Amino acid sequence: MLAYVFWHRPGEGVDVATYEQAQRAFHTAIKLESACFRVERLPFAKDGGYEDWYLVEDWAALGELNARAVDSAREGTHDRAAALAAGGWGGLYESVRGPAKIPKGTEWLDKPRGEPAAEFVASLPHESVWRRQLVLGPAPEFCCAAPENAARISI
């Protein structure tokens, strides 16, 4: 199972309620297992923003997600949400341990240099672990499911 994780922020002067409504509309239209969270801090920056998760079965399904996001049925909702955003960054993660579901909370980690990945993953106390497969921005190497917290709100 793969997860495309996309971080974004609203543009300057964009009303938060309007931004979140556009995000909800797009996630409803995409008709895939997905979620959008407001986060106090992006995992690679001091500022907050939003974190979207899209689960796909495999690499072929990732291509289908890419095409589906802007096909004729969803182009309008995608373009409305994108027009309100200031920018975006992404990463592709593979489930390497535990349930392959969208985590309610996250802890973003980078493996220490020189430590074998298998040993690092084995040392983590988390039930579920995702490992980055493709870098599409300044994304951390690992994501662990963590308890739900107030710093990450489902919209």
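Reader: How many bridges join strand β2 (residues 34-39) to β3, and in which sense do the two run?

Author: Six bridges join β2 to β3, and the two strands run antiparallel. Strands are DSSP runs of E with at least two residues, helices are runs of H or I with at least four, and both are numbered from the N terminus. Two strands pair if DSSP finds at least two bridges between them. Within this pairing, R38 stands opposite Y50 in β3. Strand β2 is also joined to strand β8 (residues 152-154) by three bridges, again antiparallel. There, V39 has R152 in β8 as its bridge partner.

Reader: What kind of model is this, and what pLDDT do local features need?

Author: The model is predicted: local features need pLDDT of at least 70, side-chain atom pairs count only at pLDDT 80 or more, and totals for chains, interfaces and linings use all residues. Residues are numbered from 1 along each chain as its sequence is written, and side-chain values use heavy atoms, with hydrogens and water left out.

Reader: Is E20 buried or exposed?

Author: Buried means under 20% relative accessible area, exposed means over 50%, and partly exposed lies in between (1.4 Å probe, protein chains only). E20 has 8% relative accessibility, so E20 counts as buried. R38, at 31%, is partly exposed.

Reader: How many salt bridges does the rule give, and which residues does R9 meet?

Author: The count comes to three salt bridges. R9 and D47 form one of them, at 3.9 Å, N to O. That pair also links distant parts of the chain: R9 is in strand β1 and D47 in the loop between β2 and β3, 38 residues apart. R9 is partly exposed at 22%, and D47 is partly exposed at 47%. R74 forms a salt bridge with D71, the closest N and O atoms being 2.7 Å apart. R74 is buried at 10%, whereas D71 is partly exposed at 24%.

Reader: Why is the pair of W53 and W108 called tilted?

Author: Rings of Phe, Tyr and Trp (its six-membered ring) pair if their centres lie within 6.5 Å; planes under 30 degrees apart count as stacked, over 60 as edge-to-face and the rest as tilted. The search of the whole structure finds eleven aromatic pairs. The centres of the W53 and W108 rings are 6.3 Å apart and their planes are at 35°, so this pair is tilted. W53 is in strand β3 (residues 49-56) and W108 in strand β5, 55 residues apart, which links distant parts of the chain. W53 is buried at 0%, and W108 counts as buried at 17%. Ring pairs link both into a cluster with W7, F44, W89, Y93 and W130.

Reader: Why is strand β5 (residues 105-109) said to be largely enclosed?

Author: Four of the five residues of β5 are buried, so the strand is largely enclosed by the rest of the structure. β5 pairs with strand β7 (residues 142-146) in the antiparallel sense over five bridges. W108 has C143 in β7 as its bridge partner.

Reader: What makes K31 count as exposed, and where is K31?

Author: K31 has a relative accessible area of 65%, so K31 is exposed. K31 lies in the loop between α1 and β2.

Note on methods:
A salt bridge is a side-chain nitrogen of Lys or Arg within 4 Å of a carboxyl oxygen of Asp or Glu.
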